[in-house]
Each structure stands twice: as structure tokens, then as C-alpha cells.
Amino acid sequence: MSTEQIIKRITTKSFYLFKKRGIKISALTAYDFITAKLLDEAGVDLLLVGDSLSNVFQGNETTLPVTMDEMIYHTKAVTKGTKRAMVVVDMPFMSYQLSVDEGFRNAGRIMKETSAGGVKLEGGERIAETVRKITEAGIPVMGHIGLTPQSIHQFGSYRERGKSEEEANEILKDAKALEEAGAFSIVLEKMPAELAKKVTASLQIPTIGIGAGNYCDGQILVTPDMLGMNTDFHPRFVRYYAQIAETIDKSVKQYINDVRKSEFPNADESY
Ligand code: KIV
């Protein structure tokens, strides 16, 4: 039997097994029930209720405005649609930066109210104490380093991180600090592929890349981006697997036409 067949529900243990056996981890974002169900049935390993929902669902410019209540609302819908994938939830901006206890309380609230399998926090050494406290309570934590969108106002742009030696060393140190604090996996966002390779080789836990090259233990993309729904956003690291925006446009135009011409509904579609 293959690893895929043995695993009924993806947990942190599956992640360790995947890394040990060199099986790449597939991850995507989800914010609603029906999309989560489709992605889960297709066999994706991890569904992230990303705070990118602030951008792609709520239409905000950054990830900063989304709240704890909103993350919980969306996660409840996603977990209902998921049977196999592990569901991880982004802790929103200012839900863990204030103090270790505040982060701990909010991580606990997410786990209690949503049926998710874990939480994700942005940052390295500076959040290690919070990660330790959360993991010691039995809550799986995913780290996120490199380009961390919650710090956009500090960075000043969405350019790749870790190009200078100083930044690269910081990223390597942050990854180690997260592993030592108990994180089960780390997202590496927008950094040179060679740096992501070094980080990945230095850790026992798997890395999940986005704009971080092909040496990570897995990959994640924002679902509306990879399905070609978000036509305003064309970064180099996104591969388009569908052109859903075009399909929607064509379908809706056809529907409008049918309604206007009284061709919908027909006799078979009526009672
Ligand atoms: O919020 C999000 O979707 C993320 C991914 C880009 C990793 O953090």
C-alpha cells in the first residue's frame, strides 16, 4: 500500500513521514465550504485558511484588516468541507504580536471554535516564545518566514527577501528558532531557490514554498491565483492551471443572453 493510501487524514505526523520519504506536500488556500470540498476531494494535503482572504475575498490591499472573528467564520466553513486535508489557519495581524499570552489565547480560541488542525504565525526568532507556548499546549504551529505580508509596512514592498547575506543568515536563524520552538512545518515565501534549499536541508521539519523555488518539501499557492480568477495579479511564481475568470465571463454572458431572449428556462427546466 502506498503512503497515500495509508493516510486517511493528514496530520503533523503525515508531514514528518512525507519529508522522510521524500514525498512532496501539496498545499492550497481555501476560504469557503464548496472550494474546500473540491480541493479536498482532488487530494490536496493541506488547506490553509490564509489571511490572504483579506485580499482575494474581502478586496483589501493588504492582509492587515482581517479579524479573528472573520478568520474563524471562514475556517468553520472550510473544515466542514474537508475530510482528508489538514486545515491550518493564519493567525491574523495583531492576534499574537501583543504578548505571548494573547497569542496563546487566540490560538486556543481558533482550535476550540473551528475544528482546524493547526495555526500559522508569521515571523521567526521574535515569535519563538509564543510558538513554544502554543505547541506546548498541543496546538500544531506552522511558521512563515521570508516575505511575511503582515510586515509589509516595515518592508516597504513585496520584493523577495534573503538576497543579501545578512537577510539570508537571518532567515536561516529564524527557521532554526521555529523548529526548536516546536513548529511542525514552515512556509518559505519569496526568497532565492538556493536559500530555500539551504533552509530545507537544515531542518527536520518540512518546508512549504511559495515563490521559493523547487527544493522545498512542498508548495503552496493562493487558489484564486492558480485557477486564473485573479486577473489583476501576475507574479512570476504563480502557474495558471485554469482560466476560471474567462470561463465565468463566457458563462455569465451566455446566461444574460438566454434570459434576455427568453431562452432560459425551457420546458424541461420548468415545473
Ligand atoms: O495568507 C496566505 O494565503 C499565505 C500563503 C501565501 C502562504 O500565507
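Biologist: Which backbone nitrogen does the side chain of asparagine 266 reach at 3.0 Å, apart from that of aspartate 268?

Modeller: Please keep in mind that this is a predicted model. Asparagine 266 lies in the segment after α12, a helix that covers residues 244–260. A polar atom of its side chain lies 3.0 Å from the backbone nitrogen of aspartate 268. The side chain of asparagine 266 also reaches, at 3.0 Å, the backbone nitrogen of glutamate 269.

Biologist: Is asparagine 266 buried, partly exposed or exposed?

Modeller: The relative accessible area of asparagine 266 is 36%. Buried would require a value under 20% and exposed a value over 50%. Because 36% falls in between, asparagine 266 counts as partly exposed.

Biologist: Which proline is joined to phenylalanine 264 by a cis peptide bond?

Modeller: The omega angle of the bond in question is about -5°, and the bond is cis. The proline has its place in the segment after α12. The residue joined to phenylalanine 264 in this way is proline 265.

Biologist: How many residues of the shell around the ligand are charged?

Modeller: The residues that surround the ligand include Asp51, Asp90 and Lys120, and these count as charged because Asp and Lys belong to that class. The shell also has five nonpolar and four polar residues. The number of charged residues in the shell is three.

Biologist: With which side chain does the side chain of aspartate 90 make a polar contact?

Modeller: Aspartate 90 lies in strand β3, which covers residues 86–90, and is buried, with a relative accessible area of 2%. Its side chain reaches the backbone nitrogen of aspartate 51 at 2.7 Å. The polar contact between side chains, also listed at 2.7 Å, is made with lysine 120.

Biologist: Why does glutamate 167 count as buried, and which side chain does its own side chain contact?

Modeller: Glutamate 167, which lies in helix α9 (residues 165–181), counts as buried because its relative accessibility is 18%, and buried means under 20%. At 3.1 Å, its side chain makes a polar contact with the side chain of arginine 159.

Biologist: What is the relative accessibility of serine 115, a residue with positive phi that is not a glycine?

Modeller: Serine 115 is found in the loop between α6 and β4, and its phi is about 65°. Methionine 94, in the loop between β3 and α6, also has a positive phi, near 75°, and is partly exposed at 39%. Serine 115, by contrast, counts as exposed, at a relative accessibility of 61%.

Technical notes
Residues numbered from 1 in each chain as written. Predicted model: local features only at pLDDT ≥ 70, side-chain atom pairs only at ≥ 80, totals over all residues. Heavy atoms only, no water. Near = heavy atom within 4 Å. Helix = DSSP H or I, 4+ residues; strand = E, 2+ residues; numbered from the N terminus. Buried < 20%, exposed > 50% of the residue type's maximum accessible area, 1.4 Å probe, protein only. Polar contact = N/O pair within 3.5 Å; in protein donor to acceptor, adjacent residues only side chain to side chain.
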